[in-house]
Amino acid sequence: MTTKMYIKDYPRPQFVRTEWTNLNGEWSFGFDDQDVGEQNGWAERFGGDRKIAVPFTYETKASGIGEEEHHAHIWYRRTIDIPAAESGKRTILHFQAVDYVAKVWVNGRFVGRHQGGYSAFSFDITPYIVYGESNSVTVKAEDSMNAAQPRGKQRWVRDSFECFYVQTTGIWQTVWLEYVSPIRLEQVKMTPDIDKRTVKLDYHVEGDLSGSDLRLETIISLKGHQVKRVSLAIDRAWLQLEVDLLHEMNGPWKMCYWTPESPNLYDVEFILYRGDEKLDHVYSYFGMRKISTRNGQVLLNNEPIYQRLLLDQGYWPESHLTPPSEEAILRDIDAILEMGYNGVRKHMKVEDARFLYWCDVKGVLVWSEMAATFEFNDDAVQNFTSEWMEVVRQYYNHPSIITWVPFNESWGIMNIATDRRQQAFTESIYHLTKAFDPTRLVVSNDGWEHTVSDILTLHDYVESGAEFLERYRDKDRIVNNEIAFNNRKYAYADGYRYGGQPIILSEFGGVALKNEIGWGYGNQEASVDSFVKRLQDIHRAVKQTGYIVGYCYTQITDVQQEVNGLLTEERALKVPLEVVRGLNGG
């Protein structure tokens, strides 16, 4: 069951307006390897001699180009028709993601710049366009092999290696236009509270509010039945409202909760009026759910939940980081559920908002992770912090996200075990995230060498169930840094101690077949039978370790040279479905 205003391929399903134009498709394209485009006036007279299918990057087959060599400066251009009927409105140009720096011109005039490869951004291009005529949009994307920019699994050398893949350059998510009122709703932060049975709404209204008779109607519905309708006078840009959700229903209150088994979503309409004139109409939704910890357990809605997660890097063979279609997103999510998992750890990638939408709808738990830098210096700290907070704000309202993971395996903070600056960096990101979002769990450094963290997460690719049980037999030895992982990595960085947090094995497995070209973790298995036996052995051992309250198996699919997926890159199962489901039973 979808939300009230589901629009296929709509790029921002948490904040929907019906008047929009998809700008994906064919654009003019060119490389600028000498970086002369700006000084030679390409913003007005772009001389690209190639075509590209946006939003796919030039490195992918789906783009129509498919060249994997790194190009640091690339250009795009297309014309757009702005209907005369939209005159009087503001025209907003949206980019869901451009890696890494985007510069935008409209009709040859500079509009703005954005830095960050994983966060969405927008420009009001109204002063630059002519209504009723064709207008040109030119984009220059600048990327680098600089390890101080958040890049995740993108390589920073010429060739792919280990678990690092072909880079992503330029526009890699949807580009679109929206026509809005000069006075409009800019954003709404929605915070559910199941204990108080309320939802707190933080509104941001954009435009000149002086002398205006403005009011905002908020209509909340559940399963097609209106729950609340609240009217709020608008006299300033930022407002806050707490709405109680007591309403008549059949059954107990918890039947309204968002859970993997029953992912109930409240539909919301925000309608902005000036007098009797409707200025803006936005559709959204939220889920009533609570994430907390107690006595070494992760609680969902105040009840323990055992997380059966699957590591997902979000790559496709023909389109790399960009989902080839909404149907492809759905196929992956349905595969996760069919295999018996209840959640996904989205690894080293901030995923397309449509993926999170379908996780919201289908009840998939999500750990949302930031792409890592691979150096530690002042630039890396600033680049990471700015982009990470854009991401947290952008995806705050998705109920499926239950855990934020800013850092993984000490990537970009390689000396965190003893370096006080790097420890302070992770602490600051933890607390900054909590300042904006105290409702979710935050993992400081997934895998080992934790500082301050809501969960103790461990990565261990031991192959034998017996060896696993022996290693984890004594919990105290694990949490007190007496047992090391992966070349002498301990659970905690120096100066930090275990405080009773839930313990989750957030990476393990990674098994590969011997006849596959590429690598997995440990020895490759010679047959499907031995592959299955090893899977069953290690899963059994993990579930027999009582203090481990959840796990994340590596991984859902093969990715380029990394062939340790349960599915191939083309999404074919390597072992029977009932075998994988059996791993997650009991």
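Between which two strands does the loop with lysine 153 lie? Select lysine 153 and you'll find this residue in the loop between β10 (134-142) and β11 (170-171); helices (H or I, at least four residues) and strands (E, at least two) are DSSP runs, numbered from the N terminus.

Before going on, some ground rules. You're looking at a predicted model, where local features need pLDDT of at least 70, side-chain atom pairs count only at pLDDT 80 or more, and totals for chains, interfaces and linings use all residues. Residues are numbered from 1 along each chain as its sequence is written, and side-chain values use heavy atoms, with hydrogens and water left out.

**Stop 1: around lysine 153**

Stay on lysine 153. Its relative accessible area is 3%, so lysine 153 is buried (buried is under 20% relative accessible area, exposed over 50%, partly exposed in between, with a 1.4 Å probe and protein chains only). Now show glutamine 313: the two side chains make a polar contact at 2.7 Å. That term stands for a pair of N or O atoms within 3.5 Å; within protein, one must be able to donate a hydrogen and the other to accept it, and residues adjacent in sequence count only if both atoms are side-chain atoms.

Leaving aside residues up to four places away in sequence, lysine 153 also touches others, including Cys163, Tyr315, His347, Trp411 and Glu562. Contact here means heavy atoms within 4.5 Å.

**Stop 2: two annotated spans**

Colour residues 22-141, which an unreviewed UniProt entry labels "domain: Glycosyl hydrolases family 2 sugar binding". This span is 3% helix and 46% strand, and its end C-alpha atoms lie 20 Å apart.

Next, colour residues 325-572, given in the unreviewed UniProt entry as "domain: Glycoside hydrolase family 2 catalytic". Here you get 35% helix and 14% strand, with the end C-alpha atoms 18 Å apart. UniProt positions are in the numbering used here, feature names are shortened, and annotations may be inferred rather than shown by experiment.

**Stop 3: aromatic rings**

Rings of Phe, Tyr and Trp (its six-membered ring) pair if their centres lie within 6.5 Å; planes under 30 degrees apart count as stacked, over 60 as edge-to-face and the rest as tilted. By this rule there are 43 aromatic pairs.

Pick phenylalanine 29 and tyrosine 76: this pair is edge-to-face, 5.3 Å centre to centre with 70° between the planes. The two sit 47 residues apart, phenylalanine 29 in strand β2 (residues 25-31) and tyrosine 76 in strand β4 (residues 73-81). Phenylalanine 29 is buried at 0% relative accessible area, and tyrosine 76 is buried at 0% too.

Then jump to phenylalanine 384 and phenylalanine 425. Their planes are at 75° and their centres 5.8 Å apart, so this pair is edge-to-face.

**Stop 4: tyrosine 396**

What lies over the face of tyrosine 396, at 4.7 Å from the ring centre? That's lysine 189. Arginine 440 lies over the face of tyrosine 396 as well, at 5.5 Å from the ring centre. A charge sits over a ring if NZ of Lys or CZ of Arg is within 6 Å of the ring centre and within 35 degrees of the ring normal.

**Last stop: cysteines**

How many disulfides are there? The count is 0, taking a disulfide as a pair of cysteine sulfur atoms within 2.5 Å. Select cysteine 359: the nearest cysteine sulfur, that of cysteine 552, is 13 Å away. Cysteine 359 is buried, with 0% relative accessible area.
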